[in-house]
Amino acid sequence: MQIRRIREERGYSLEQLAERSDLSFRGLIYIEHGQRNPSILTVVDIAKALDVTPGELTDHLSAE
């Protein structure tokens, strides 16, 4: 997932992304660190909060 890279490019802290996406701070940490796989609905929520498409969060996966 490209969440951390995009979040940092946008200048958001984890706390800000949690607030914008209506997700928990700790849950976002687990997702960013690859310790949890988000549901598709969670990916959509994160994408909306980052103002990107869900595909932009996972583009790198198709290249691997």
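This is a predicted model: local features need pLDDT of at least 70, side-chain atom pairs count only at pLDDT 80 or more; totals for chains, interfaces and linings use all residues.
1. Ile40 is found in helix H4, where helices (H or I, at least four residues) and strands (E, at least two) are DSSP runs numbered from the N terminus. Ile40 is exposed, with a relative accessible area of 62%; here buried means under 20% relative accessible area, exposed over 50%, and partly exposed in between, with a 1.4 Å probe and protein chains only.

2. Residues are numbered from 1 along each chain as its sequence is written, and side-chain values use heavy atoms, with hydrogens and water left out.

3. As to the overall fold, the protein has five helices and zero strands, and from the N terminus on the elements run α-α-α-α-α. The radius of gyration is 11 Å, close to the 11 Å that the globule rule gives for 64 residues, so the protein is as compact as a globular protein of that length; the radius is taken over C-alpha atoms, and the rule is 2.2 Å times the number of residues to the power 0.38. Along the principal axes, the C-alpha atoms fill a box of roughly 30 × 20 × 20 Å.

4. Buried residues make up 33% of the 64 residues, and the accessible surface, from the Shrake-Rupley method with a 1.4 Å probe, comes to about 4,300 Å², of which 46% belongs to carbon and sulfur atoms. Among contacts (heavy atoms within 4.5 Å) between residues at least 6 apart in sequence, 50% join residues at least 24 apart.

5. The largest nonpolar core has 14 residues, of which Ile3, Leu17, Leu28, Ile46, Leu50, Val52 and Leu57 touch the most other members; such a core is a set of buried Ala, Val, Leu, Ile, Met, Phe, Trp, Tyr and Cys residues joined through side-chain atoms within 4.5 Å. Two or more residues come from each of helix H1 (3-10), helix H2 (14-21), helix H3 (25-32) and helix H4 (40-50), and H4 gives the most, with five residues.

6. Leu57, in helix H5 (residues 54-63), is buried, with a relative accessible area of 0%, and, leaving aside neighbours within four places in sequence, Leu57 is in contact with Met1, Gln2, Ile3, Ile6, Val43, Ile46, Ala47, Leu50 and Val52. Leu50, not counting residues up to four places away in sequence, touches Ile3, Ile6, Arg7, Arg10, Tyr12, Leu17 and Leu57.

7. Tyr30 is found in helix H3 and is partly exposed, with a relative accessible area of 24%. Apart from neighbours within four places in sequence, Tyr30 is in contact with Gln35 and Arg36, and the C-alpha atoms of Tyr30 and Leu14, 16 residues apart along the chain, are separated by 11 Å.

8. Two loop residues may be checked for backbone geometry. Asp22, in the loop between H2 and H3, has a positive phi of about 60° although it is not a glycine, and at 71% relative accessibility counts as exposed. Asp51, in the loop between H4 and H5, likewise has a positive phi of about 60° without being a glycine, and is exposed, with a relative accessible area of 66%.
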